[in-house]
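I have a new structure to look through today. These are my notes, in the order I looked things up.

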Amino acid sequence: MCFRPGGVAKAQVCPNCGKKLIPIGGVFQKKCPFCKTDFTAMIEAAKKEESERLAAEAAKKAEGAQPGDEKKPE
Ligand SMILES: [Zn+2]
């Protein structure tokens with residue numbers, strides 16, 4: 001079983017200065033307010049990864065939900 005804290009936004013850490021940034025309303029900040037590093041590319045990459053993971057999971061579920069035996073027309 002995996003434990004997931006509900007409703008808690010993940011802390012965002014700036015890869016440049018290492019400061020912790022608080023996502024506003026669950027949305028990551030696009031720029032570090034401390035060192036002005038642009039996170040846009042980073043956020044897009046993370047989003048892509050997440051959507052790919054979700055798509056793979058959904059595909060797996062769809063596969064598992066379908067019965068293996070196909071009915072052949074006679
Ligand atoms: Zn920074």
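Is Q29 buried or exposed? I looked this up with one thing in mind: the model is predicted. Q29 comes out as buried, because its relative accessible area is 18%, and the cut-off for buried is under 20%.

**Entry: around Q29**

I placed Q29 in the chain next, and found Q29 in the loop between β2 and α1. Then I checked where the side chain goes. The side chain of Q29 reaches the backbone oxygen of I22, at 2.9 Å. I also wanted the contacts of Q29, leaving aside its neighbours within four places in sequence. My list for Q29 reads Q12, L21, I22, I24, F39 and I43.

**Entry: the zinc ion**

Which residues coordinate the zinc ion? I wrote down C14, C17, C32 and C35, each through its SG atom, at 2.2 to 2.3 Å. I then looked at the geometry: the angles among the 4 donor atoms run from 104 to 119°, and the site is tetrahedral. Along the chain, the donors follow the spacing C-x2-C-x14-C-x2-C.

What does the pair C17 and C32 tie together? C17 sits in the loop between β1 (12-13) and β2 (20-21), while C32 sits in the loop between β2 and α1 (40-65), so the pair links parts that are 15 residues apart in sequence. The loop between β2 and α1 is where I had put Q29 as well.

C17 counts as partly exposed, because its relative accessibility is 33%. C32 is buried, with a relative accessible area of 1%.

**Entry: salt bridges**

How many salt bridges does the structure hold? I got 3, and went through them one by one.

I began with E44 and K47. Their closest N and O atoms are 3.9 Å apart, and the cut-off for a salt bridge is 4 Å, so the pair counts. Both residues lie in helix α1, 3 residues apart, which is about one turn of the helix. E44 is partly exposed at 44% relative accessibility. K47, at 52%, counts as exposed, because the cut-off for exposed is over 50%.

Next I took R53 with E50. The closest N and O atoms of this salt bridge are 3.2 Å apart.

Then came E57 with R53, where the closest N and O atoms are 2.9 Å apart. E57 and R53 are 4 residues apart in helix α1, so about one helical turn separates them. Salt bridges that share partners join E50, R53 and E57 into one network.

I finished with the accessibility of that network. R53 is partly exposed at 41%, E50 is partly exposed at 37%, and E57 is partly exposed at 38%.

**Entry: to remember**

I'm keeping three things from today: a tetrahedral zinc site, a buried Q29, and a salt-bridge network of E50, R53 and E57.

Note on methods. Residues numbered from 1 in each chain as written. Predicted model: local features only at pLDDT ≥ 70, side-chain atom pairs only at ≥ 80, totals over all residues. Heavy atoms only, no water. Donors = N, O, S within 2.8 Å, 3.2 Å for Na, K, Ca; no water. Tetrahedral: all angles 85-135°; square planar, octahedral: opposite > 155°, others 65-115°. Helix = DSSP H or I, 4+ residues; strand = E, 2+ residues; numbered from the N terminus. Buried < 20%, exposed > 50% of the residue type's maximum accessible area, 1.4 Å probe, protein only. Salt bridge = Lys/Arg side-chain N within 4 Å of Asp/Glu carboxyl O. Polar contact = N/O pair within 3.5 Å; in protein donor to acceptor, adjacent residues only side chain to side chain. Contact = heavy atoms within 4.5 Å.
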